[in-house]
Amino acid sequence: MAGMEEQYSHGSGGRPWEQGGPPHRRPWAHAGPEGPRGPWGPWGHDGPSRWLTGMRERSATRLPWPSTILLGVFVMVGSSVAARAQLGERAPLDLFARVLLFTAVAVLLLRHRRPVLAVFVSAAAAMVYLGAGYPYGPVFLAVAVGCFSAVVAGRRRAAWSAVGMVWLGHLLMTHWFYRWLPPSSDSAAPWGQELGVAAWVVAIVAAAEFVRVRREQWAAQRAQREAAEKRRADEERLRMARELHDVLAHSISVINVQAGVGLALLDSDLEQARTALTTIKAASKEALGEVRQVLDTLRAPGDAPRAPAPGLERLPELVDQAASAGLTVTVETEGVRGAVPPGADLAAFRIVQEALTNVVRHSCSRTARVRIGYGTGRVRLGIDDDGPATGSEAGGSGNGLAGMRERATALGGTIEAGSRADGGFRVRAEIPLHPASSVDAASAMDTVQDTTGERA
């Protein structure tokens, strides 16, 4: 068993349900150990906003040298071309103009780390450039890039304020302050020009807002995918744990009872002790076979199982195993068995198996009754023993009744388990033969009645 557990831990290749595998192999472990895990998976309740924050923090560690250098070359060359086209209308480019252009672009190296600083310094450099009477040109592009980065980084107010400052400054300089600003021959600009500047401002803000919204949508979709992967992995782990519990609990209970019988009769009745050991060998072999089948599905989740999953047709084997543990089981069947889906058949078998295991572990009664009723679209199960409970610890995990309830509610069924008035114990279950939707299953989980006594 230890060998198989080691193969499961190290040989399954980092599948989604590996709880113990390396964090980098688990699709839900991208966000690191910090932060709560909520409906958005590893990002907690903030969802995409936390993911975007993480992306910004990672991008802030690297300065955007290539794009900034390319923008700087374009602004310098484009301004020179614009200066020749506006010769005589605006002041010629000099060293101070080049410094302003360089400042407006160079500060954009910090647009990921300090977006507010970048957009305001770039806007201020552009305003001084325009106020000094230098030619109109690509200096506006530097402001646009700074505004775009600030909006995408979530600093929308700062971006709007910086662009609005440029537009208002241009309005004041071209209609009121032009008399005191170079060039001396300058006159008031036509008001129609301001419409073009306003349209430019709106276009920049709109494009930045569009990209921001799209990025948040992508982040939300990615968070939903990650949450769905984590949910599927959790469901798969739960299914595997439940299957292993049901397989091992019944077989080990039989082995425990027969080991006690063998020890008690070892000196007085060797033949009976031999029978007990034979039963132990058969039960352990069957348990190992079923465990291997479950682990094979872990190693190759897409492959067909080597053996069919157990169902109610194997109930006679279950009765024989219970008999080897000293429990007499009578089975009553009502109705005609039709086509039973594999999931419902497996759930019904495991519920009966767990109920009989609880009788072996926890009841003083050596008899049990199993009733199976096939109805229209449902299978009804009833397992009773006359008790009373032993009141002693039998080594159970405490998850038996919870596992039965999970199996029933996963298929949209119901289950009741509890003590009877005469001291016995009763399990009643109904399992639909048609798969329930996730909403129906969740509703059934809320309404299921669990009157659990001391047994587990």
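**Terms and their grounds**

Q: Where is Pro 342 found, and why is Pro 342 called exposed?
A: Pro 342 is found in helix 11; helices (H or I, at least four residues) and strands (E, at least two) are DSSP runs, numbered from the N terminus. Its relative accessibility is 66%. Exposed means over 50% relative accessible area, buried under 20%, and partly exposed in between, with a 1.4 Å probe and protein chains only. Pro 342 therefore counts as exposed. Its C-alpha atom is separated by 9.4 Å from that of Leu 433, 91 residues away along the chain.

Q: On what basis are such values given?
A: This is a predicted model, in which local features need pLDDT of at least 70 and side-chain atom pairs count only at pLDDT 80 or more, while totals for chains, interfaces and linings use all residues. Residues are numbered from 1 along each chain as its sequence is written, and side-chain values use heavy atoms, with hydrogens and water left out.

Q: How do you know that the reach of helix 11 is close to the expected one?
A: Helix 11 (residues 342–362) reaches 30 Å from its first C-alpha to its last. The expected span is 1.5 Å times one less than the number of residues, and for helix 11 this is 30 Å.

Q: Why is Ala 142 called buried?
A: Ala 142, which lies in helix 6, has a relative accessibility of 1% and therefore counts as buried. Leaving aside residues up to four places away in sequence, Ala 142 touches Leu 71, Ala 104, Val 105, Leu 108 and Ser 122; contact means heavy atoms within 4.5 Å. Ala 126 is 16 residues from Ala 142 in sequence and 8.4 Å away in space, C-alpha to C-alpha.

Q: Why is helix 5 called roughly antiparallel to helix 6?
A: The axes of helix 5 (residues 115–131) and helix 6 (residues 139–152) come within 8 Å and cross at roughly 160 degrees. That angle makes helix 5 roughly antiparallel to helix 6. Angles over 145 degrees count as roughly antiparallel, under 35 as roughly parallel, 65 to 115 as roughly perpendicular, and the rest as oblique. Axes are lines fitted to C-alpha atoms, for helices over the stretch in contact, and angles run from 0 to 180 degrees between N-to-C directions.

Q: Which residues of helix 5 and helix 6 meet, and how does their contact divide by class?
A: On the helix 5 side are Pro 115, Val 119, Ser 122, Ala 123, Ala 126, Tyr 129 and Leu 130, which meet Val 139, Phe 140, Ala 142, Val 143, Gly 146, Cys 147, Ser 149 and Ala 150 in helix 6. The contact has twelve nonpolar, three polar and no charged residues. Ala, Val, Leu, Ile, Met, Phe, Trp, Tyr, Cys and Pro count as nonpolar, Asp, Glu, Lys and Arg as charged, and the others, including Gly, as polar.

Q: What makes helix 3 roughly antiparallel to helix 6?
A: The axes of helix 3 (residues 65–85) and helix 6 cross at roughly 150 degrees and come within 8 Å. This crossing makes the two helices roughly antiparallel. Leu 71, Phe 74 and Val 75 in helix 3 meet Val 139, Leu 141, Ala 142 and Val 145 in helix 6. By class, seven residues of this contact are nonpolar, none polar and none charged.

Q: Why are helix 4 and helix 5 called roughly antiparallel?
A: Helix 4 (residues 95–106) and helix 5 have axes that come within 8 Å and cross at roughly 160 degrees. The two helices are therefore roughly antiparallel to each other. Phe 96, Ala 97, Leu 100, Leu 101, Thr 103 and Ala 104 in helix 4 meet Val 121, Ser 122, Ala 125, Val 128 and Tyr 129 in helix 5. The contact comprises nine nonpolar, two polar and no charged residues.

Q: Why is Gly 423 called partly exposed?
A: The relative accessible area of Gly 423 is 31%, so this residue is classed as partly exposed. Gly 423 is in the loop between strand 4 (414–419) and strand 5 (425–432). Residues up to four places away in sequence aside, Gly 423 touches Asp 386, Gly 387, Pro 388 and Ala 389.

Q: How many helices and strands does the chain have, and what share of its residues is buried?
A: The chain has 13 helices and five strands. Buried residues make up 43% of its 456 residues.
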